[in-house]
Amino acid sequence: MQTKAPPEFRKTAETFAAGAKTLAQRYFVSPEIFAEEQKIIFSTQWMLVGHQSQIAKAGDYFTAEVAGESLIVVRDKDGEVRGFYNVCRHRGTRLREVETGHVTAIQCPYHAWTYGLDGRLIGAPHMDDVPGFDKADYSLNAVNLALWEGFIFVNLADSPTPLKEWFAPVAGKFSYWNLPKLLSAKRIEYDVRANWKLIFENYSECYHCPGVHPTLAKLTPYDSAENDLSEGPFLGGFMPIIKGHSLTMSGNACALPVGDINAEDFHRVFYYSIFPNMLLSMHPDYVMVHQLWPQTPERTLILCDWFFHPEAAGVRDPSYNPDDAIAFWDTTNKQDWHVCELSQQGIASRAYQPGPYSPRESIPAAWDEYYLRQMT
């Protein structure tokens with residue numbers, strides 16, 4: 001579904017290797033480029049929409065909006081996670097208005113056409129007398145859906161690369177973090193007045209940490225990053241945590257370890273960006289995940305979940321205190337969103353020109369390069 005990129009895309013990609021500089025202004029403010037991103041990237045690539053724990057039982061569902069399309073993600077009676085366009089096959093009515101819930105079937109609010117959890121049309125009032133009408137011809141339109149480590153991804157393309165192949169470079173890399181079994185203790189939505197790319201670039205470096213995150217900088221040295229994924233759609237690595245501490249308000253661990261964490265990694269936090277809308281932050285005692293949903297060139301909706309061991313909330317874990325981690329990162333997130341908004345404001349100025357990246361910003365530079373390749 002890709003289209004030929006305009007000359008400015010090709011020119012920027014060709015000159016990037018001459019010197020690692022920030023992207024040109026148009027990539028952060030142009031409605032035309034934003035529309036191209038929605039068409040070239042968000043309509044054709046695998047997008048994170050949630051975690052399997054959100055729909056634990058048959059009939060549980062949530063809706064998601066991807067590149068302007070409303071989707072229903074539901075667990076069927078056989079326990080399979082399915083995805084459908086939120087569109088009735090009769091006259092196109094939006095089927096589900098409520099974002100999350102539980103249903104025994106999916107019924108259109110207009111003329112009561114009813115669909116099973118597997119998408120089959122099972123009820124269509126007064127249609128039996130229509131010549132040639134067959135319910136089998138009017139199942140809900142399915143969307144490509146697959147799971148990786150318990151996370152649910154969808155892809156709007158007609159024939160996308162299978163998700164398993166897409167994630168092949170990191171196959172098994174995170175298995176000991178127990179990601180499929182974790183449960184979200186809380187979700188916070190942030191409405192950030194900044195371009196989605198600024199969020200990725202900010203996440204991918206700690207050059208800014210001493211001035212922007214003084215509390216974080218005390219617990220994990222800002223100049224200590226070790227990157228093990230440095231090109232392509234998966235970027236990042238780890239930073240050490242001061243021994244005996246956790247990234248919480250108290251500095252103490254707030255829950256059982258999320259998985260079989262080895263001794264070396266027990267004092268590390270891992271940060272990975274997964275193009276184009278997932279930020280994966282793995283701590284020994286919890287996992288934080290951001291979903292990024294661009295709304296306009298100057299606005300991004302961010303969904304942030306904090307995941308814990310499924311037994312952490314029980315009596316077996318007296319240390320369980322999720323608010324200790326949530327408060328820490330809610331504060332840190334807001335500090336990040338503030339400087340991203342300041343960046344957006346400055347980039348919009350006629351005085352802005354691309355500036356040079358420092359050696360501590362190699363991952364943002366690599367992210368920009370990958371982004372430009374996708375756009376061309």
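Colleague: How many cavities of 30 Å³ or more does the count come to?

Modeller: The count comes to 1 cavity of 30 Å³ or more. This is a predicted model, where local features need pLDDT of at least 70 and side-chain atom pairs count only at pLDDT 80 or more, while totals for chains, interfaces and linings use all residues. Residues are numbered from 1 along each chain as its sequence is written, and side-chain values use heavy atoms, leaving out hydrogens and water.

Colleague: What makes a space a cavity or a pocket?

Modeller: On a 1 Å grid over the protein atoms alone, a 1.4 Å probe fits in a cavity but cannot get out, whereas a pocket is an open set of points with protein on both sides within 12 Å along at least five of seven lines. Lining residues have an atom within 4 Å of a point. Grid points are joined across faces, edges and corners, and the volume is the space filled by probe spheres set on them.

Colleague: What volume has the largest cavity, and which residues line it?

Modeller: The largest cavity has a volume of about 40 Å³. Its lining consists of L48, G50, H51, Q54, F151, R187, V289, Q291, D305 and F307. β1 (47–51) gives the largest share, 3 residues; strands are DSSP runs of E with at least two residues, helices runs of H or I with at least four, all numbered from the N terminus.

Colleague: And what is in the largest pocket?

Modeller: About 660 Å³ of space. Of its 27 lining residues, T63, A64, E65, E99 and L301 are the closest to the centre. The largest share of this lining, 5 residues, comes from β2.

Colleague: Why are α5 and α8 called oblique to each other?

Modeller: Their axes, lines fitted to C-alpha atoms over the stretch in contact, with angles from 0 to 180 degrees between N-to-C directions, come within 10 Å and cross at roughly 125°. Angles under 35 degrees count as roughly parallel, over 145 as roughly antiparallel, 65 to 115 as roughly perpendicular and the rest as oblique. α5 and α8 are therefore oblique.

Colleague: Which residues make the contact?

Modeller: L198, I199 and N202 of α5 meet D336, W337, V339, C340, S343, Q344 and I347 of α8, contact being heavy atoms within 4.5 Å. These residues divide into 6 nonpolar, 3 polar and 1 charged; Ala, Val, Leu, Ile, Met, Phe, Trp, Tyr, Cys and Pro count as nonpolar, Asp, Glu, Lys and Arg as charged, and the others, Gly among them, as polar.
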